[in-house]
Structures are given as C-alpha cells and as structure tokens.
Amino acid sequence: MPRRPVVSRHHVDSRASSSFSGLPILLIVGAVILVCFIYSRSGGIGSSNSVTHVEGDFSCTVEVQNTIPLLKKAYGDAIHKVLHVGPDTCSVVSMLLKEEETEAWGVEPYDIEDADNRCKSLVRKGIVRVADIKFPLPYRAKSFSLVIVSDALDYLSPKYLNKTLPDLARVSAGGLVLYAGYPGHQKSKSTEASKFGRPAKMKSPSWWVRFFVQTSLEENDVAIKKFEQAAVKKAYRPNCQIFHLKPYN
C-alpha cells in the first residue's frame, strides 16, 4: 500500500506565515484608500462637494464656511468684527463666533420658519436679524470691519442691486467679500419659487466687474493677492465666484 507523502509541520507553518504576512500591508493599503475616499466625500477645502447640492440646489454660503481660514490670512485683524449677509447666515455666524477674538453678526434675507433652535436663539439675542436687503441695512456706516455676502445678490433685480451693494459697502470699514454663483450653476426652481420669490440670475465675472465700476466700487488687490496665496497653499479651488472689494472712503 503506497504511503502518503508526509508534509512536515515546519513546511506547513512556513506556508501559513507567508500567506498571512501580506495581510498587514493589505489592511494598511485598504485603510489609506478608505480615508482618502471619506475625505473626498466630506467636502475638504477646495473639493467639489464644498458646494451643497440638495435636489439640484447649491449654496455658496457653504463656500464661505470652507474659506474662513483663507479670509483670516487675507484680512488679518479685519476679521474681528464681521457681518455675514445671506441665506443660512446662522451657520456662518456660529462658525465665526468660534474663532478667537471674533465678533459676528448676520442678516438673513429670507424666511427662517424652518430654522433650528440654535438659529432661533441667535435671532432672539439680536445677533442675527431677519431683514429685507432691498432696503437700507439697520446699521451705521462702517459698523463692521468686514462684510461677507453669499447667495443673496443673485436673486435681486438690477433695480435693487444698484442700491443694495453700495449699502453693504457703506456698513463696512475694512472690506466687502462677495460670493456669487457661476452662470453654469443651476438652482432648484421649486426651492427658489417658494423661498426666494424669484429664480436666481447668475452673472458672469465680467458683468460683475462692470457693475463694480458703475457703483464706484474698487477691487481690493492686496486682499485678492493674499487670499490667492493662501488658497494655493491649501490647494483650494473655488466653486463660486469670490470678489474682494474695498469699502467706500
């Protein structure tokens, strides 16, 4: 009767160890791939997900939140007293209030019936106001060191835009930062009709530049350069148009 081949224990162990020796490497590689995937989905600064998409909608207000570190680099001490104007201003104000030596206020141009308790608390404290920006803001000239506007001017007709943008510059002492959508951005028409009263009309960069000239507003070259330098270091790519303007003298 033929004898079965005998496989030594040492030989079995060596094969088992060699098959399992590659597992730690595979686990490490898998973990790295998973982390990269999660980061890319989380909307890390400069990623395409820093613009919120909800039922075809998007928000440049999220872009403001993502670029607060860049604004600090560009404006330095001017970040100490900030006014944000735009939808979901409560989220921006809440983030700014977490920054050291920073005071923040907000103007919500639209209805906040669906706002959470945190936002309603900011309204009760007078930190956030609900106000129609087609009319003069309830602040004195140069009340804030920096004014940031997002997702608000795209809904205004030229008739009101001619008044609103100069008024925003009026209440700023150190600068005005405007976040606006690109013409290719499409917003949810159903959301717009119910909340904003009219669809957004996105303007091209050249349109905005001409409008700034018409309203005697100058672009802030110093802030633009500092912001762009900080953006390069962070590998940040804007999803919205960002304009840096000087305040009125």
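Two strands are taken to pair if DSSP finds at least two bridges between them. Helices (H or I, at least four residues) and strands (E, at least two) are DSSP runs, numbered from the N terminus. The structure is a predicted model, in which local features need pLDDT of at least 70 and side-chain atom pairs count only at pLDDT 80 or more, while totals for chains, interfaces and linings use all residues. Residues are numbered from 1 along each chain as its sequence is written, and side-chain values use heavy atoms, with hydrogens and water left out.

The protein chain has 10 helices and 6 strands. Of its 249 residues, 45% are buried. Here buried means under 20% relative accessible area, exposed means over 50%, and partly exposed lies in between (1.4 Å probe, protein chains only). The chain exposes about 14,500 Å², and carbon and sulfur atoms supply 57% of that area. Accessible areas come from the Shrake-Rupley method with a 1.4 Å probe; for residues, only the protein chains shown count as cover. Contact means heavy atoms within 4.5 Å. Among contacts in the protein chain with a separation of 6 or more, 71% involve residues 24 or more positions apart.

The 6 strands form an open sheet with mixed pairing, in the order β3-β2-β1-β4-β5-β6. Strands β3 (128-130) and β6 (241-245) stand at the edges; each has a single partner strand, so one side of each is left without a neighbour in the sheet. Neighbouring strands are turned by 15 degrees against each other on average, direction ignored. Axes are lines fitted to C-alpha atoms, for helices over the stretch in contact, and angles run from 0 to 180 degrees between N-to-C directions.

Val107 has Arg129 of β3 as its bridge partner. Further along the sheet, strand β4 (residues 146-150) pairs with β5 in the parallel sense over 4 bridges. Within this pairing, Ser150 stands opposite Tyr179 of β5. Together with helix α7 (residues 158-170), β4 and β5 make a right-handed β-α-β unit. Right-handed means that, with the strands pointing away from the viewer, the path from the first strand over the helix to the second runs clockwise.

Strand β5 (residues 176-180) is mostly covered, with 5 of its 5 residues buried. Both faces contribute: Leu176, Leu178 and Ala180 are buried on one side, and Val177 and Tyr179 on the other. The pairing of β5 with β6 is antiparallel and spans 5 bridges. Leu178 stands opposite Phe243 of β6.

Helix α5 (residues 89-97) lies across β1 (81-85), β2 and β3, running at about 180 degrees to β2. Because 7 of its 9 residues are buried, α5 is largely enclosed by the rest of the structure. The buried residues are Thr89, Cys90, Ser91, Val92, Val93, Ser94 and Leu96. They pack against α3, α4 (68-75), β1, β2, α6 and β3.

The axes of α5 and helix α6 (residues 117-124) are 10 Å apart, and the two helices pack at an angle of about 80 degrees. That makes α5 roughly perpendicular to α6. Roughly perpendicular covers 65 to 115 degrees; angles under 35 count as roughly parallel, over 145 as roughly antiparallel, and the rest as oblique. In this contact, α5 contributes Cys90, Ser91, Val93, Ser94 and Leu97, and α6 contributes Arg118, Cys119 and Leu122.

Two threonines illustrate buried helix positions. Thr89 belongs to α5 and is buried, with a relative accessible area of 0%. Leaving aside neighbours within four places in sequence, Thr89 contacts His84, Gly106, Val107, Glu108 and Val128. Thr61 lies in helix α3 (residues 60-66) and is buried at a relative accessible area of 1%. With neighbours within four places again left aside, Thr61 contacts His84, Pro87, Asp88, Ser91, Val92, Ser150 and Asp151.

Two loop residues have positive phi values. Asp88, in the loop between β1 and α5, has a phi of about 60 degrees although it is not a glycine. Asp88 is partly exposed, with a relative accessible area of 42%. Lys142, in the loop between β3 and β4, has a positive phi of about 55 degrees and is likewise not a glycine. Lys142 counts as partly exposed, at 42% relative accessibility.
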